[in-house]
Amino acid sequence: MSNNNDNKRSTLFGASILVLTAFIWGFAFVAQRYGAGYIDGVSISGLRYVIATGVLGLTVLVTDLVNKYRGKTVSKFTKDTLIGGVVCGVVLFVSTLVQQIGLESTTSGKAGFITTLYVVMVPIINLISRKRTSLRKCIAVLVAMFGFTAMCAGDTLTISRGDGLVFYSAISFGFHIVFVDMYCANTDPTKLTFIQFLTCAVIGVPTMAINGFPTGAEIPAEILPVLYIGIMSSGIAYTLQAVGQKRVGPSSATLIMSLESVVALVGGMIILHEKVTVPEFVGCLLVLVSVFASRVRFGSKFLKLRNSKYFVN
């Protein structure tokens with residue numbers, strides 16, 4: 001009985017951690033949209049991963065020292081960690097860069113829901129790689145496409161450049177999930193994430209140099225959103241995700257973290273005074289329904305303990 005209660009408390013704790021993660025990521029869309037008004041997407045993407053690498057690197061160092069002091073086993077940077085981190089880092093940088101450039105010409109709320117489409121992109125990627133996919137997930141993809149069209153095209157039946165770029169980033173994030181899932185089985189998720197961030201920083205700094213570093217006049221306006229994105233959204237939230245997913249199954253975890261889209265929508269309306277039209281609201285609702293439909297097995301228990309499996313947003 002005691003062990004069962006401990007499991008329930010562990011699952012509840014993990015779910016709470018993932019809810020906090022969703023809130024951090026949701027407001028990150030607001031910060032990214034705000035920062036896009038002062039600094040180009042290349043600079044934001046590069047700076048966020050330089051900051052995130054420092055934050056997570058310090059976290060890994062302190063954690064390893066504490067575990068070593070307590071006599072616990074300290075995981076090492078294995079070959080799979082290094083190769084997987086580099087591969088996933090390249091895809092992650094491309095995904096976030098395209099997303100950030102798209103945010104220059106769309107709202108944070110729409111970007112949040114469009115990005116959430118990465119959840120339903122995975123079944124399509126699995127079909128391409130000749131993996132079996134359920135009919136339920138295929139239907140969810142169709143619903144998601146209807147939602148995306150309603151949200152972005154509206155009455156004009158045209159999709160803006162920003163919405164299109166964020167949609168492409170959602171596809172890229174879908175591939176990122178597949179790659180992380182491929183390499184995470186035999187690696188420490190925190191160390192894998194650190195190598196990802198380091199790879200992104202190594203790519204980002206030269207890219208910033210070619211594009212042109214931010215000027216002194218831009219720094220005061222950009223510093224707060226970039227710090228939030230780098231420290232909270234990247235360094236802290238990805239670590240919280242790893243902690244939460246050790247206690248909550250991947251399907252439940254993905255559903256909880258998809259709440260970031262709702263937070264992004266509400267945050268954009270309150271902080272940036274973004275307005276939502278009826279077609280956009282209907283589209284957002286359809287996207288959210290498709291995400292839930294793709295992840296929930298009807299008749300099964302929602303929160304379910306499973307073996308740890310690391311998914312990145």
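Author: Let us start with F93: leaving out residues up to four places away in sequence, F93 touches S45, G46, Y49, C200, I203 and G204. Please keep in mind that this is a predicted model.

Reader: Where does F93 lie?
Author: F93 is part of helix α3, which covers residues 79–102.

Reader: Why is F93 called buried?
Author: The relative accessible area of F93 is 4%. Buried means under 20%, so F93 with its 4% is buried.

Reader: How far apart are F93 and H176 in sequence and in space?
Author: In sequence, 83 residues separate F93 and H176, and in space they are 10.0 Å apart, C-alpha to C-alpha.

Reader: What makes T96 count as buried?
Author: T96 is also found in helix α3. Its relative accessibility is 3%, and the cut-off for buried is under 20%, so T96 counts as buried. Setting aside neighbours within four places in sequence, T96 is in contact with S45, R48, Y49 and F173.

Reader: And V91, how do you know whether it is buried or exposed?
Author: V91 has its place in helix α3. With a relative accessible area of 16% against a limit of under 20%, V91 is therefore buried.

Reader: Which residues does V91 touch, not counting those up to four places away in sequence?
Author: V91 touches S172, H176 and F179. Of these, F179 is 88 residues from V91 in sequence, while the C-alpha atoms of the two are 8.8 Å apart in space.

Reader: Now the helices. What describes two packed helices?
Author: The angle between their axes and the distance between the axes.

Reader: At what angle do the axes of α2 and α3 cross?
Author: The axes of helix α2 (residues 41–69) and α3 cross at roughly 135°, and they come within 8 Å. The crossing in which α2 passes α3 is right-handed.

Reader: Which residues of α2 and α3 meet?
Author: From α2 come G41, V42, I44, S45, G46, R48 and Y49, and they meet L92, F93, T96, L97, Q100 and I101 in α3. Sorted by class, this contact has seven nonpolar, five polar and one charged residues.

Reader: What about α4 and α7, at what angle do they pack?
Author: Helix α4 (residues 108–115) and helix α7 (residues 161–183) pack at about 30°, with axes 8 Å apart. That makes α4 roughly parallel to α7, because angles under 35 degrees count as roughly parallel. Their crossing is right-handed. K110, A111, I114 and T115 of α4 make the contact with D163, V166, F167, A170 and F173 of α7. By class there are six nonpolar, one polar and two charged residues in the contact of α4 with α7.

Reader: How many helices and strands does the protein chain have?
Author: The protein chain has twelve helices and zero strands.

Reader: And what share of the chain is buried?
Author: Of the 313 residues in the protein chain, 50% are buried. The protein chain exposes about 14800 Å², and carbon and sulfur atoms supply 68% of that.

Reader: How much of the contact is between residues at least 24 apart?
Author: Among contacts in the protein chain between residues at least 6 apart in sequence, 91% join residues at least 24 apart.

Conventions. Residues numbered from 1 in each chain as written. Predicted model: local features only at pLDDT ≥ 70, side-chain atom pairs only at ≥ 80, totals over all residues. Heavy atoms only, no water. Helix = DSSP H or I, 4+ residues; strand = E, 2+ residues; numbered from the N terminus. Buried < 20%, exposed > 50% of the residue type's maximum accessible area, 1.4 Å probe, protein only. Contact = heavy atoms within 4.5 Å. Axes fitted to C-alpha atoms, helices over the stretch in contact; angles between N-to-C directions. Left-handed = near helix turned anticlockwise from the far one by under 90°. Nonpolar A, V, L, I, M, F, W, Y, C, P; charged D, E, K, R; others polar. Areas by Shrake-Rupley, 256 points an atom, 1.4 Å probe, with all protein chains shown as cover. Parallel < 35°, antiparallel > 145°, perpendicular 65-115°, else oblique.
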